[in-house]
Amino acid sequence: MVQVKLEFGGGLDAIVADRTKRLQVDAPVRTLGELITWVRRNCIREKHDMFAVSEATVRPGVLVLVNEVDWELEGTTRYELQPGDHVAFISTLHGG
Amino acid sequence: MVQVKLEFGGGLDAIVADRTKRLQVDAPVRTLGELITWVRRNCIREKHDMFAVSEATVRPGVLVLVNEVDWELEGTTRYELQPGDHVAFISTLHGG
Amino acid sequence: MTEHPPVLFCPDRESVERYSRQMLVQGFGGPRAQQVLQQQVRVLIVGCGGLGCPAALYLAGAGVGCIGLADADRVQRSNLHRQVAFTDADVSAAKVTALRAALQARNPRVHITEHDVMVSADSARDILRPYDVVLDCTDNAAARYTVNDACVWERKPLVSAAAVGLDGQLAVYNHGRDGPCYRCVFPVCPPPECQGSCDADGVLGMVPGVLGVLQALEALKLVMEMRGVGKWRCSLTGRLLLFDGRHLEFRTVQLRPRQRHSCAVCRQVYDEEEATRALPL
Amino acid sequence: MTEHPPVLFCPDRESVERYSRQMLVQGFGGPRAQQVLQQQVRVLIVGCGGLGCPAALYLAGAGVGCIGLADADRVQRSNLHRQVAFTDADVSAAKVTALRAALQARNPRVHITEHDVMVSADSARDILRPYDVVLDCTDNAAARYTVNDACVWERKPLVSAAAVGLDGQLAVYNHGRDGPCYRCVFPVCPPPECQGSCDADGVLGMVPGVLGVLQALEALKLVMEMRGVGKWRCSLTGRLLLFDGRHLEFRTVQLRPRQRHSCAVCRQVYDEEEATRALPL
Ligand SMILES: [Zn+2]
Ligand SMILES: [Zn+2]
């Protein structure tokens with residue numbers, strides 16, 4: 001179990017249960033990849049493919065941030081979560 | 001001695017030595033009032049009255065923030081500084 | 001000022017077209033909210049400069065039914081870089097007249113009232129009484145205190161912004177019982193030599209631009225909250241947004257609550273309220 | 001496109017007046033910087049909508065000498081709430097033509113080039129070659145990848161913004177050797193059903209308003225940095241600004257550096273550079 005703060009931005013809040021932008025969860029996972037699988041199953045209420053098409057990674061166009069830093073700099077799915085981590089899922093926007 | 005982070009905004013950076021917006025200092029003070037006196041003497045390089053006219057308080061139009069909160073909520077000059085505190089001095093702007 | 005007759009809103013094809021992208025937004029409140037904006041909402045913009053121009057353009061675009069414009073100045077060429085509602089041809093025209101024309105060209109359904117006067121302690125309360133919310137887009141400290149005090153007396157929330165150089169500030173004052181007024185936070189007017197201005201210190205046009213648009217956004221959320229339509233809430237009550245354009249940093253800090261006992265104006269209004277309540281029926 | 005002859009800048013009374021408030025700003029770089037802006041700086045705005053309108057108004061106000069406008073659309077009434085350079089009378093006109101007129105009415109000294117075309121993979125590189133910096137103000141994912149890829153090939157920094165609903169994003173891509181391009185960060189285009197748009201999801205006018213003005217600010221700082229005038233630096237390289245208009249929150253997050261080996265376009269440009277360097281003299 002690891003306690004993490006989740007955030008959904010760029011419209012992803014619309015598919016989260018209760019349309020919440022921020023959630024605090026205790027997730028039975030170790031890595032960020034496992035967290036994504038867990039979030040898809042437990043926090044997303046509809047249109048699951050808008051969040052992640054397959055297990056362990058987000059769909060194209062979703063930026064994952066660990067404590068305000070691009071997950072690419074943190075090992076992506078292999079990143080080992082620390083208690084209190086702030087994980088944000090931000091969908092890129094295209095409108096103008 | 002207490003180590004605090006100082007910040008000068010709303011144009012006050014112009015009268016700080018090196019026109020710096022942010023400074024980290026070790027100040028031989030205990031309270032916020034004493035810090036203001038110390039900053040006026042040691043960090044402000046010109047037009048000292050733009051920062052504080054007299055000892056221990058800022059001039060009208062300067063908002064003091066302790067860790068992002070209005071100092072009025074923290075006891076103003078009597079607030080006892082903690083190591084690592086972030087103290088910001090923000091001059092109100094009037095232009096438009 | 002002239003009276004604003006309630007305008008009959010018929011959701012004809014033109015309106016649907018004009019406001020469709022706004023009405024589609026999650027939480028907006030649909031055609032009913034758009035109708036309320038058109039028929040019931042009155043916003044006063046004090047100062048038609050670098051803040052007032054963008055604020056007015058976006059509020060008119062959103063379909064706020066009645067917009068008041070207060071300013072006694074005329075357009076100067078040195079205004080144009082930031083007062084983007086004006087053109088070269090407007091130089092020397094009264095700002096309120098030029099801005100009114102710009103707004104009506106964009107949205108003919110909006111009713112505009114011109115207040116071609118310096119807002120003074122004498123005139124301020126009468127001017128702002130008919131409005132729901134006031135935008136402080138002025139350019140000097142004296143006007144800011146005048147507008148604030150009138151808002152406290154008339155119980156009008158005040159969406160206040162300021163900009164100089166590359167710095168900007170935004171707050172919503174006098175909102176609700178606990179939201180502080182401008183004077184609660186800044187009880188004493190700074191000495192003249194500490195009052196920076198765009199004329200003396202310069203300003204990059206984009207800085208009041210950003211702040212003016214944000215004022216319009218918070219004002220829109222505020223009036224929709226007041227009228228009970230839509231799901232957004234004004235977020236800045238009791239907070240101050242600081243913008244540093246040099247480093248492109250924004251942050252929000254927490255302000256003190258209303259100072260009922262020490263604020264020179266809230267104290268009076270509060271005492272008056274107490275006295276009224278204490279009167280025998 | 002037409003050639004832009006260098007314009008002789010004489011700091012006559014009109015220029016001093018027009019730009020005085022900007023030239024006064026601490027760190028601006030004085031009349032020399034203003035002259036460089038007028039004579040040497042060329043900015044391309046791709047997309048003349050909710051982002052492009054405010055961006056163009058403020059860049060023209062600041063005196064950027066040559067502004068290119070690219071858009072193949074015509075003004076619709078549903079645009080007006082957020083595309084504040086246009087009036088009711090512009091409905092059905094080509095956006096580039098209407099916006100050009102709006103900019104020239106504000107600052108007759110600015111040279112405007114109209115590109116009344118869809119920017120395509122074929123045309124993009126030619127269109128943006130003469131410019132110093134490109135603003136991505138487009139409204140769809142395909143255009144964003146097209147503009148990005150052309151910027152990488154032509155080595156142009158890209159000031160990119162987007163807005164839907166009450167959310168906005170801003171970044172400066174492809175700036176310097178290490179600043180990532182858009183494709184470095186988002187290597188694969190999202191599936192169509194995940195590409196929100198203002199037409200489908202709506203947008204509050206102020207949201208692209210704020211983002212477009214911020215784009216103009218960062219573009220101005222960027223071109224002054226490129227030309228070595230003024231003391232500001234573009235602050236957003238390698239960072240992404242997130243705006244939540246519902247809660248009036250801004251924050252900036254750190255992006256990965258340029259992905260020389262994995263980005264489909266940076267890899268090619270990088271390989272080409274390597275190959276060129278490896279050639280015998
Ligand atoms: Zn008060
Ligand atoms: Zn790349």
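Chain A is built from 1 helix and 5 strands, where helices (H or I, at least four residues) and strands (E, at least two) are DSSP runs numbered from the N terminus. Read along the sequence, these elements come in the order β-β-α-β-β-β. Chain A has a radius of gyration of 12 Å, close to the 12 Å that the globule rule gives for 96 residues, so it is as compact as a globular protein of that length; the radius is taken over C-alpha atoms, and the rule is 2.2 Å times the number of residues to the power 0.38. The C-alpha trace of chain A spans about 35 × 25 × 25 Å along its principal axes.

A word on the ground rules: this is a predicted model, in which local features need pLDDT of at least 70 and side-chain atom pairs count only at pLDDT 80 or more, while totals for chains, interfaces and linings use all residues. Residues are numbered from 1 along each chain as its sequence is written, chains are lettered from A and ligands numbered from 1 in the order in which they are written, and side-chain values use heavy atoms, with hydrogens and water left out.

Back to chain A: 57% of its 96 residues count as buried, meaning under 20% relative accessible area, with exposed being over 50% and partly exposed in between (1.4 Å probe, protein chains only). Contact here means heavy atoms within 4.5 Å. Among contacts in chain A between residues at least 6 apart in sequence, 55% join residues at least 24 apart. Chain A does not touch chain B, and the nearest C-alpha atoms of the two are 19 Å apart.

Chain A does meet chain D, with 28 residues of chain A in contact with 37 residues of chain D. Together they bury about 2,500 Å², 56% of it on carbon and sulfur atoms; buried area is the accessible area (1.4 Å probe) that two parts lose on being put together, summed over both. Of the area that chain D buries against chain A, 23% is supplied by Cys194(D), Arg251(D) and Arg256(D), more than any other three residues. There are 7 salt bridges across this interface, each being a side-chain nitrogen of Lys or Arg within 4 Å of a carboxyl oxygen of Asp or Glu. In one of these, Arg251(D) pairs with Glu7(A), and the closest N and O atoms are 2.7 Å apart.

The interface of chain D and chain A also has 16 residue pairs in polar contact (both at pLDDT 80 or more). A polar contact is a pair of N or O atoms within 3.5 Å; within protein, one must be able to donate a hydrogen and the other to accept it, and residues adjacent in sequence count only if both atoms are side-chain atoms. Several elements of chain D each give at least two residues to the side that touches chain A, among them helix 6 (141-154), strand 5 (158-164) and strand 8 (249-254). Strand 8 of chain D makes the largest share of that side, 4 residues. By type, the side of chain D that touches chain A divides into 19 nonpolar, 10 polar and 8 charged residues. In this scheme Ala, Val, Leu, Ile, Met, Phe, Trp, Tyr, Cys and Pro count as nonpolar, Asp, Glu, Lys and Arg as charged, and the others, Gly among them, as polar.

Of the 5 pairs of chains in contact, chains C and D share the most contacts. Here 62 residues from chain C meet 62 residues from chain D, and about 5,400 Å² is buried between the two chains, 64% of it on carbon and sulfur atoms. Arg21(C), Tyr58(C) and Met206(C) supply 15% of the area that chain C buries against chain D, more than any other three residues. The two chains are linked by 4 salt bridges, including one between Arg18(C) and Asp88(D), whose closest N and O atoms are 3.1 Å apart. Helix 9 of chain C gives the largest share of the side that touches chain D, 10 residues. That side of chain C divides into 32 nonpolar, 15 polar and 15 charged residues.

Arg18(C) and Arg21(C) turn up again among the buried residues of helix 1 of chain C. The cover over the buried residues of this helix includes helix 2 (30-40), helix 3 and helix 4 of chain C, together with helix 8 (198-201) of chain D.
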